[in-house]
Structure formats: structure tokens, C-alpha cells
Amino acid sequence: MKNKARFIFPRLIGATVIVGLAALIVTTLFKLLVGMLFVAGAVMLVKRLLFDDRQNMSVPHEFQNYNGGITPIGNHYGMASQPIFVSTKFSNSSTIIPIN
């Protein structure tokens with residue numbers, strides 16, 4: 001038993017040290033990423049508060065919808081689009097021939 005302990009304990013201590021260093025590195029990287037996330041959020045918040053350009057931006061006339069999404073029937077923007085199948089072939093070979 002004494003020889004087993006002398007054989008196992010140094011390896012167990014070495015494995016513990018390696019796993020501990022790996023855990024330290026992983027947690028440090030995680031904390032750095034979380035810190036960068038908070039810094040980026042604060043920068044975006046300050047940018048939005050100081051440089052709010054949405055009031056100065058004008059929407060182009062094509063994108064303005066004055067009638068609330070309801071388009072007249074004759075307008076081609078309000079019509080439903082039909083799918084076009086380019087690979088459809090009309091030939092006599094696709095007919096069903098009954099065999100008696």
C-alpha cells in the first residue's frame with residue numbers, strides 16, 4: 001500500500017495542478033469576454049444617447065406607406081404573385097396511357 005501511494009500521489013498532484021491551471025485560463029477568458037460585452041453595451045448606449053441620428057434621417061418616398069398597408073386592387077404591388085416554374089415541359093410523353 002505504501003508503494004501504491006508513492007506511485008499515485010505525485011501523478012494525482014500533477015493532474016490536479018494541470019486541471020486547476022486549465023480552469024483558471026478558461027474562467028479568465030470567460031470573464032474577459034463578459035467584460036468586453038459590458039463595455040460594448042455601454043459604448044453603444046452612449047453612442048445612441050449622444051449621436052441619435054434617427055430624427056434627421058428621412059425615409060425615401062418609395063418606402064413610405066401612406067394608406068396603412070392597404071393597396072387598391074388595380075395596383076400591381078397589391079396583387080398576389082404566382083410562381084413560375086421554368087422547368088415545366090409540356091409534351092405528349094407525360095400522358096397516362098391505359099393498358100388493358
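Here is a short tour of the structure shown above. It is a predicted model, and its secondary structure comes to 1 helix and 0 strands.

- Helix H1 covers residues 2-50, which makes 49 residues.
- From the first C-alpha of H1 to the last, the reach is 71 Å, close to the 72 Å expected at 1.5 Å a residue.
- H1 is hardly covered, with a count of 0 buried residues among its 49.

**The surface**
- Look for a nonpolar surface patch of about 810 Å², made by Phe-7, Ile-8, Phe-9, Leu-12, Ile-13, Val-17, Leu-21 and Leu-24.

**A closer look at Ile-13**
- Ile-13, one of the residues in that nonpolar patch, is found in helix H1.
- Is Ile-13 buried or exposed? Ile-13 counts as exposed because its relative accessibility is 55%, and the cut-off for exposed is over 50%.

**Rings and charges**
- Phe-7 belongs to the nonpolar patch, and the charged end of Arg-11 sits over the Phe-7 ring, 4.1 Å from the ring's centre.
- How many aromatic pairs does the count come to? The count of aromatic pairs comes to 0.

Note on methods
Residues are numbered from 1 along each chain as its sequence is written. This is a predicted model: local features need pLDDT of at least 70, side-chain atom pairs count only at pLDDT 80 or more; totals for chains, interfaces and linings use all residues. Side-chain values use heavy atoms; hydrogens and water are left out. Helices (H or I, at least four residues) and strands (E, at least two) are DSSP runs, numbered from the N terminus. The expected span of a helix is 1.5 Å times one less than its number of residues. Buried means under 20% relative accessible area, exposed over 50%, partly exposed in between (1.4 Å probe, protein chains only). Rings of Phe, Tyr and Trp (its six-membered ring) pair if their centres lie within 6.5 Å; planes under 30 degrees apart count as stacked, over 60 as edge-to-face and the rest as tilted. A charge sits over a ring if NZ of Lys or CZ of Arg is within 6 Å of the ring centre and within 35 degrees of the ring normal. Patches are made of residues with over 30% relative accessible area and no salt bridge: like charges are joined within 9 Å, nonpolar side chains (Val, Leu, Ile, Met, Phe, Trp, Tyr) within 5 Å. Accessible areas come from the Shrake-Rupley method with a 1.4 Å probe; for residues, only the protein chains shown count as cover. A salt bridge is a side-chain nitrogen of Lys or Arg within 4 Å of a carboxyl oxygen of Asp or Glu.
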